[in-house]
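Please keep the sequence and the model at hand while reading.

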Amino acid sequence: MSQEPRLTFGRTLGIGMALAAGTKPTPPVPTYATDVDQPGMLLGQVVIAILAVLMVTGEYTSGEIRTSLLAVPPRWPVAAAKTAIAVATAFVVTVVPGYVVTLCGWPLQRKFAVDDRFTGTGVRVIAGAGLAVALVACMAIGIGMLVRSGAASIAVIVLVTIVVPNILTSVPVHWLDTVGGYLIGNSIQGLMAVPAQIDPTQGVFTFGKALWISALWAVVPLAAGLAVLRRRDA
Amino acid sequence: MIETFGLTKRYGPVLALDHLSMQVHPGEVTGFLGPNGAGKSTTMRLICGLDHPTEGTALVNGKPYAAHRDPLHQVGALLDAKAMHPGRTARAELMAIAQTQGLGAKRVDEVLEYTGLASVAKRRLGTFSLGMGQRLGIAAALLCDPLTLILDEPINGLDPEGVIWVRDLVKYEASQGKTVFLSSHLMSEMALVADRLVILGRGKLVAEKTMKELIADASDIATRVRCAQATELTAELAGPGVRIDSLAPGLFEVHGRSAEQVATIALDHRWLVTELTPMQVSLEDAYMKLTQSQAQYTGTAVPTPGAQR
Amino acid sequence: MTAPHQPSVPSTRLTYAHVLRSEWTKFWSVPSTWWTLGALVVVIIGFGLISNSSASATAGATIRATQPTSAAFTVGQLVMAILAVLVITGEFTSGEIKTSLLAAPGRWRMLAAKAAIVAVIGFAVTFVAIYIAMLCGWPMISSFATDDRFTAAGLRVIAGAGLGVALVAVMALGIGTLVRNGALAIGIVVVVQFILMAVFGGINIHWMHVVVGYLPAGAIRGLSAPPSAANAAVDIFTFGKSLWVSLLWAFVPLLAGAVVLRKSDI
């Protein structure tokens, strides 16, 4: 468990740097210093999701789950502890490199980007990214408890967060676009969007709306997983 | 026939097996004993090619396991009964194994029948109990009519009927000229079944002897006697190197005198002896004597019931 | 249990053909195979129909009947990759690998058999599903699209899609063999197939776009796209070039996995 956060950190940092270097301004929308690099975010999400899933399903594979649930009969503290760790890791591992990239990438971007590195909005963008990945981590824990198989859980998560949104944008059907916005992969965009990017018609919701949609995505599987954990045989 | 020559295995800093050289012969049951962590499972895995030795070689019937054209006919191994996909049915699992060597449904059904699993053949392995899983593992080992049987804790989880069945199977196979190599911690069972014993301790060979030799080496000569004239008899038996333990009025154990000696003395004096039993140590005692110093994991002694804390 | 005596068996021999037969049995006797292939079919047919229903007449004859929707193709690759990963990592998770390697100690036969099955099934299921999707969706676009349902060029496009899925599956099998954990292997496949594409495609530097063409997801586009100048401009290769880049992506992880498997303890 201690190795992986360091790897995530490094990777997100590396990709962020590469992207900050290559970003070019596309008028008329100004780029912001805190503009979060999408693929880096996606990578972070995938890695955190894998970690969160393995935290849960690894116990089922090894049979350790029986020991854990014997030791804690109410069961929910086990899930709560894992969720807490996953969320905290997710947040820190996203926000810290995110901020470092913003600061380090600034010299490369200063000619064309708006400086919001230390403004309230800027900080909120990066914190929003951390929140987004934390919510994905919650969802991953919930799905892990529901499905119990590592590979299957990741398959579900990947499909829902990355693949399906990808597809829906490539299929030119209007109502699918709208639906696509409500999937977690897209709804979390609203959490980390710089103000200029917010555009509900394009699926990037306002912070408030993005928050409650994404929170639903995180909390419902977690609650369902918890219910299942309490009921089912280990 | 299994042979190992200087077989050594290191896992990182840990030396699990230290230059083990031994032979397991066909036509007899060879028991593999040793404290936990002694290297028994490691040895079996190295013989079957699952792990690669750091040094040394292991040969089965003259060749390394992986070099045989028919590995499952050379060796039928039960190393880990739960090493099977839980979503598969028992029958499918055995079919898959049989098919690797070109066998088919006929043989699979025979073996299922033979191991008593025919009625659960269509159930998924995830639903099997420990004992059923064990039987399936044995079934898998027997599929290709192996010349050698390597069994790691075969009776683990089996019901009494299963235990007797394995005992009979193992003795039968040995009588047919097969090589049988089995490890177990159940001393009472091992005592009934093994002809020869290989004992490991901390990765090294501690002893390689026949059962008779092992017990004899660990036993003093001792006899248990019940006699009406016990007091007189004990007086007559006493001497240097002789120890007498009185168990009850008229009943005693004499260490250092054989049953024949006791009977002869009693006859000479016309004393009535109503019980005369030569005593041997059990395998458990003999084994504990040999391996006491080799045990890596020992618990603290539990007080006997009734003792003061 | 019955008495000790048992009849002896005919002579046995370990061969690749036998191991292939065994792996075939193993492949179909596990529930996850059925689920995944079912999902593959549903996705391909579903997205194919959706795409056809939204095709507009204004695009005219440039739409061909056999255009495998990129959406179905993309998800199809991932679904089959997931199955390929499960085929190998399921063995490590359950411990089945010990049984399999006792039966086939050389180890390469098992992996080669799994690769063959995963590739052939990937190809076949994709091909059939796309064909069904195309036939069912044809009525929706028949008024304006080019009919190449039964032409050689059309068949080659669909076969190319099947080939792409097969090669991605083999790559996933190799990754699964190296990593041995299902969740991690799928994560890596997702990163390679989606995230790397987005990373290199998103940066406005020309050579990065060229890299996209060489990534596995990029290279296999050329297998199912008919050659045209428009394609070359967006770094979709010719069939030949696509083929050998994709083959490299498929077999390098597999061979690496085979070497590691051979050398390692189980």
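On the face of helix 10 of chain B that is turned away from its buried side lie the exposed residues Glu260(B), Leu267(B) and Asp268(B). Here buried means under 20% relative accessible area, exposed means over 50%, and partly exposed lies in between, with a 1.4 Å probe and protein chains only. Helices (H or I, at least four residues) and strands (E, at least two) are DSSP runs, numbered from the N terminus.

The model is predicted: local features need pLDDT of at least 70, side-chain atom pairs count only at pLDDT 80 or more, and totals for chains, interfaces and linings use all residues. Residues are numbered from 1 along each chain as its sequence is written, chains are lettered from A and ligands numbered from 1 in the order in which they are written, and side-chain values use heavy atoms, with hydrogens and water left out.

Helix 10 of chain B spans residues 259–268, and its residues Ala259(B), Val262(B), Ile265(B) and Ala266(B) are buried. After helix 10 of chain B comes Arg270(B), which has a positive phi near 55 degrees.

## The four-stranded sheet of chain B

In chain B, four strands form an open sheet in the order 11-12-10-13, with antiparallel pairing. Strand 11 (243–248) and strand 13 of chain B stand at the edges with a single partner strand each, so one side of each has no neighbour in the sheet. On average, neighbouring strands of this sheet are turned by 20 degrees against each other, direction ignored. Axes are lines fitted to C-alpha atoms, for helices over the stretch in contact, and angles run from 0 to 180 degrees between N-to-C directions.

Two strands pair if DSSP finds at least two bridges between them. Strand 10 and strand 12 of chain B pair in the antiparallel sense over five bridges, and Arg224(B) has Glu253(B), in strand 12 of chain B, as its bridge partner. Helix 9 of chain B packs on the sheet and touches strand 10, strand 11, strand 12 and strand 13 of chain B. The direction of helix 9 of chain B makes about 5 degrees with that of strand 12 of chain B. Helix 10 of chain B also packs on the sheet, touching strand 10, strand 12 and strand 13 of chain B, and its direction makes about 160 degrees with that of strand 13 of chain B.

## The six-stranded sheet of chain B

Six strands of chain B form an open sheet in the order 5-6-7-3-8-9, and the pairing is mixed. Strand 5 (75–78) and strand 9 (204–210) of chain B stand at the edges, each with a single partner strand, so each has one side without a neighbour in the sheet. The twist averages 15 degrees from one strand to the next.

| Strands of chain B | Sense | Bridges |
|---|---|---|
| Strand 3 (residues 29–33) and strand 7 | parallel | four bridges |
| Strand 6 (residues 148–152) and strand 7 | parallel | five bridges |
| Strand 8 (residues 196–201) and strand 9 | antiparallel | six bridges |

Strand 7 of chain B (residues 179–183) is mostly covered, as five of its five residues are buried. Thr179(B), Phe181(B) and Ser183(B) point one way from strand 7 of chain B, while Val180(B) and Leu182(B) point the other way. Within strand 7 of chain B, Phe181(B) is the bridge partner of Thr30(B), and Thr179(B) is that of Thr148(B). In strand 9 of chain B, Leu205(B) is the bridge partner of Leu200(B).

Helix 8 (residues 211–218) of chain B lies across strand 8 and strand 9 of chain B, running at about 105 degrees to strand 9 of chain B.

## Chain A

Chain A has nine helices and two strands. Of its 234 residues, 51% count as buried. Helix 5 (residues 120–147) and helix 9 (residues 207–231) of chain A pack at an angle of about 25 degrees, with their axes 7 Å apart. Helix 5 of chain A is therefore roughly parallel to helix 9 of chain A; angles under 35 degrees count as roughly parallel, over 145 as roughly antiparallel, 65 to 115 as roughly perpendicular and the rest as oblique.

How values were computed:
Contact = heavy atoms within 4.5 Å.
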